[in-house]
Amino acid sequence: MNLLKEEALWFIKNFSGQLKTEDTAIICQSWNQLDKYLEHLKEAFSFYSAIHAIAIKTNPHPEVLRYIVSKGFGLEAASMEEVEMAIEAGISTEKLVFDSPVKTRAEIKKCNEKYAGIKLNVNSLEELNRIPDNPNFSLGLRINPMVDAGSPDLYHVSSDESKFGEPISNDQAIISACQQFPITQLHIHSGSALGNLEVATAAIAAVVALANRINVQLELASKDYRIKSIDIGGGLKPEKLGTDLSQMKQYANLLVKNVPDLVNFELVTEFGQWCHFYCGFAFSTVEYVMFRGKKQLAFVHLGADYFMRDAYVKPRGIEFICLDKEGKVNDGEKHTTDIAGPLCFAGDYLVKDIPLSSLSEGDILLMLGTGSNTYGLWSRHCSRTIPKVVGVDFEKLTFTLLSERIKLY
Ligand SMILES: Cc1ncc(COP(=O)(O)O)c(C=O)c1O
């Protein structure tokens, strides 16, 4: 049995006594899984001097951020609010990357005055005009590599007209800007759910080549700073870690092979969904079940409010397991099943047409692989309450309440 499933079944059995009537769903964070993914990431990039700044937006729960920081990892903030959340989680600013594409002048000023050392990446050459003289932060510039690294359309950020980054084709202007402003980091994030790691690696190689060219010019101009960090962003799809060579290690190995000069720089990464996806599980009671023809239609209490991406885009591979009221797996005869969420709109389905055992009122639907882009994307649509979040340590056989239910009205 997979470990996350084993952990979830153990938890449900031991936690069910504490469920109150209003706890129609519970969101869980697996600390052991998170440890496993963070350690694997560190190991994959052990050839480098690296800061792994985990993307906050993927799972912004304050306790999860605190945990990541306590393990020595960095955080990547996509808004000033996320910067402040990271500070509250106890991060040291050198490990905090600030990437918002729409920083206000006031936010930049605040970073300069309060968060010395933070890595602030501007999104374009235009944004450089907002940077104070001799900033107290490390200044980075996001480069649009102008490649198609196989991200689905919604997550593709590197097209010619992308709102993200300075197009790499403006290399002369970039080199001039680096002589005018103390830029010490180049940043690239080719897209999410990258389908082609060779292309993604080639894009990083182009950015490293640009950094080398910039450094030659800085030397010639007798500047006292250099590009010293390359921030490669995130972008890997979630994967189950097993005995095979992981996608993350293959990616790191490709970088070593295809971008030999990268070792001369400090490496910054910003992985999100790869780190979190398999670190979460959730469960909901089944409110009721209908049959439409031969199809089973089960209504549960987490829908497009929690599974925004699954409902609005397409199911991302979350695994559904039917349990009875006591939390025992129901492995009976399978029916073609749709799982409907609780929101009052036609698109609120977690998944359609999957084979599942018979469900009935009061049963439990367990969902594995809920750790990324779920809690952080919670939608107010229909104003439903955010469920309790519980942290589980399966090695120590303990669990703790991380947050109470949050009412939105
Ligand atoms: C700048 C930046 N870095 C990192 C990430 C994390 O990406 P992923 O979850 O695909 O690893 C994102 C995602 O949107 C991003 O925009």
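A residue counts as near a molecule or strand if its C-beta atom, placed from the backbone, lies within 6 Å of it.

## Ligand shell and basis of the model

By that criterion 15 residues surround the ligand, and the closest are Ser 192, Gly 234, Glu 270, Gly 272 and Gln 273. The shell divides into four nonpolar, eight polar and three charged residues, where Ala, Val, Leu, Ile, Met, Phe, Trp, Tyr, Cys and Pro count as nonpolar, Asp, Glu, Lys and Arg as charged, and the others, Gly among them, as polar.

The model is a predicted one, in which local features need pLDDT of at least 70 and side-chain atom pairs count only at pLDDT 80 or more, while totals for chains, interfaces and linings use all residues. Residues are numbered from 1 along each chain as its sequence is written.

## Overall dimensions

The C-alpha trace of the protein spans about 75 × 40 × 40 Å along its principal axes. For 409 residues a compact globule would have a radius of gyration near 22 Å, and the 23 Å of the protein agrees with this; the radius is taken over C-alpha atoms, and the globule rule is 2.2 Å times the number of residues to the power 0.38.

Buried residues make up 44% of the 409 residues; a residue is buried if 20 or more other C-beta atoms, placed from the backbone, lie within 10 Å of its own, exposed if 12 or fewer do, and partly exposed in between. Of the contacts with a separation of 6 or more, 68% are between residues 24 or more positions apart, a contact being a pair of residues whose C-beta atoms, placed from the backbone, lie within 7 Å.

## Domains

The protein is divided into domain 1 (3-29 + 277-403) and domain 2 (60-271), with bounds that come from an automatic or database domain assignment. The centres of the two domains, taken over C-alpha atoms, are separated by 35 Å.

Eleven residues of domain 1 are in contact with seven residues of domain 2. On the domain 1 side of this boundary, the residues divide into six nonpolar, five polar and no charged.

## Strand pairing

The protein has ten helices and 18 strands, defined as DSSP runs numbered from the N terminus (H or I, at least four residues, for helices; E, at least two, for strands). Two strands pair if DSSP finds at least two bridges between them. Strand β12 (residues 295-300) pairs in the parallel sense with strand β14 (residues 334-340) over four bridges, with Leu 297 opposite Asp 338 in β14. Strand β14 is also joined by six bridges to strand β15 (residues 349-357), this time antiparallel, and here Thr 337 stands opposite Ile 354 in β15.

Strands β17 (residues 388-393) and β18 (residues 398-403) run antiparallel and are joined by five bridges, with Phe 399 of β18 as the bridge partner of Val 392. Four residues lie between the strands of this hairpin, in which Leu 397 takes a positive phi near 55°.

## Loop residues

Asn 134, in the loop between β5 (119-122) and β6 (138-144), has a positive phi of about 45° although it is not a glycine; Asn 134 is exposed, with 7 other C-beta atoms within 10 Å. Met 146, in the loop between β6 and β7 (166-167), likewise is not a glycine and has a positive phi of about 55°, but Met 146 is partly exposed, with 16 other C-beta atoms within 10 Å.

Gly 191 lies in the loop between β8 (183-187) and α7 (197-220) and is buried, because 29 other C-beta atoms are within 10 Å. Gly 191 and Pro 152 are 39 residues apart in sequence and 8.6 Å apart in space, C-alpha to C-alpha.

Note on methods:
Contact = placed C-beta atoms within 7 Å.
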